[in-house]
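Have a look at the model first.

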Amino acid sequence: MASHGLTYEGCNFLRQRLVLSTLSGKRVKIKNIRSKDDEPGLRDFEASFIRLLDKVTNGSTIEINQTGTVLVYQPGLLYGGTVEHDCNPQRSVGYYLEALLMLGPFMKSPLKATLRGVTNDLTDPTVDLLKSTALPVMKKFGIDGEGFDIKVAKRGMAPGGGGEVVFTCPVRKTVRPVQLTDPGKIKRIRGVAYSVRVSPQMGNRIVESARGILNQFLPDIYIYTDHMKGANSGKSPGFGLTLVAETLNGCFLSAEMSSTPQGQGDPILPEDLGRNCAKLLLEEIYRGGCVDSSNQSLALLLMTLGQQDVSKVLLGPLSPYTIEFLRHIRDFFQIMFKIEVQKPLEDERKGGDKVLMTCVGVGYSNISKTLK
């Protein structure tokens, strides 16, 4: 590894690398991006992501070669402020928002980002999911304030998009270390069944079928229906469900499903969608931990950036994405986690094996935040 920065190959984990590069200030070079493909180089949604990074930083230099197979990124300072970005409809707003959540607290001025595009699709975490699970995770690390919110102004389903989301985030000088080792029992389940450009009845059908399964598990269930009309409903029809289970200690586990985009693949019945989503939630509850699988990397990043003190978080089984993220954290911040597997006792009904992650933070502090 040369001293002038880090070099990677391939198009996987592009976001992780660029986000960590921006936070650590280390230059990153990524080569052989889809070099063997019929259409080599960066995809449109990746280029759009790089443009968004350019908007929230000041003085980043980005070099991309002619074919788009080599990218050199020299991060600038995180600037923040008011940003508007049209996300590429190939990926949902969640793809861009996940990265902004990681960068938001370390800006120079509070971030107000308006992102337009697809708000709910099958591949990325939807905006509803990030609002109900990622924000609570960040609050545990002391990132909080009245200006901390994700607002869905308009919904847009794949493939047409047309949604609009406003993410506001206050600035923090430091991140506090956490000890999240006991998630506690599940106390309630909340959810949103949304539908756009289809009959409003779809939402009710989803809710009914999801409740059919979840009521066997817990009585305190409330699923809102959210039917957006007219200009706020984007360009494509669709529906979906986001479910969140909250534990006694304030941990959130979630699952979600969206309908298949118009004109792609087999259509799905709202009843099936509700049932499948409920089963996904139960699976997530079985995996357990204090942070659900879609926010593992966010929690691990905040642990890494915490004050120079020990942080502990209990997670369910690590997802492949998270494992790769741990490798990247080692590259950029030289932080290694201590990983202990905890097997629940037979009679405890605590679900699957858990992993206790422990690390000492690097004491990252927001350099542009002047002390008053």
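Which residues of helix 7 are buried? They are Gln 296, Ser 297, Leu 298, Ala 299, Leu 300, Leu 301, Leu 302, Met 303 and Thr 304. Buried here means under 20% relative accessible area, with exposed over 50% and partly exposed in between (1.4 Å probe, protein chains only). That's nine of the nine residues of helix 7 (residues 296-304), so the helix is largely enclosed by the rest of the structure. Helices (H or I, at least four residues) and strands (E, at least two) are DSSP runs, numbered from the N terminus.

A word on ground rules: this is a predicted model, where local features need pLDDT of at least 70, side-chain atom pairs count only at pLDDT 80 or more, and totals for chains, interfaces and linings use all residues. Residues are numbered from 1 along each chain as its sequence is written, and side-chain values use heavy atoms, leaving out hydrogens and water.

Four strands make an open, mixed sheet in the order 11-16-18-17, where pairing takes at least two DSSP bridges between two strands. Its edges are strand 11 (179-180) and strand 17 (338-342), each pairing on one side only. Strand 17 runs antiparallel to strand 18 (residues 354-360), joined by five bridges; Glu 340, for one, has Leu 356 of strand 18 as its bridge partner.

Finally, the backbone. Most residues other than glycine have a negative phi, and most peptide bonds are trans. Ala 158 and Pro 159 are joined by a cis peptide bond, with omega about 0 degrees. Phe 13 has a positive phi of about 60 degrees and is partly exposed at 24%.
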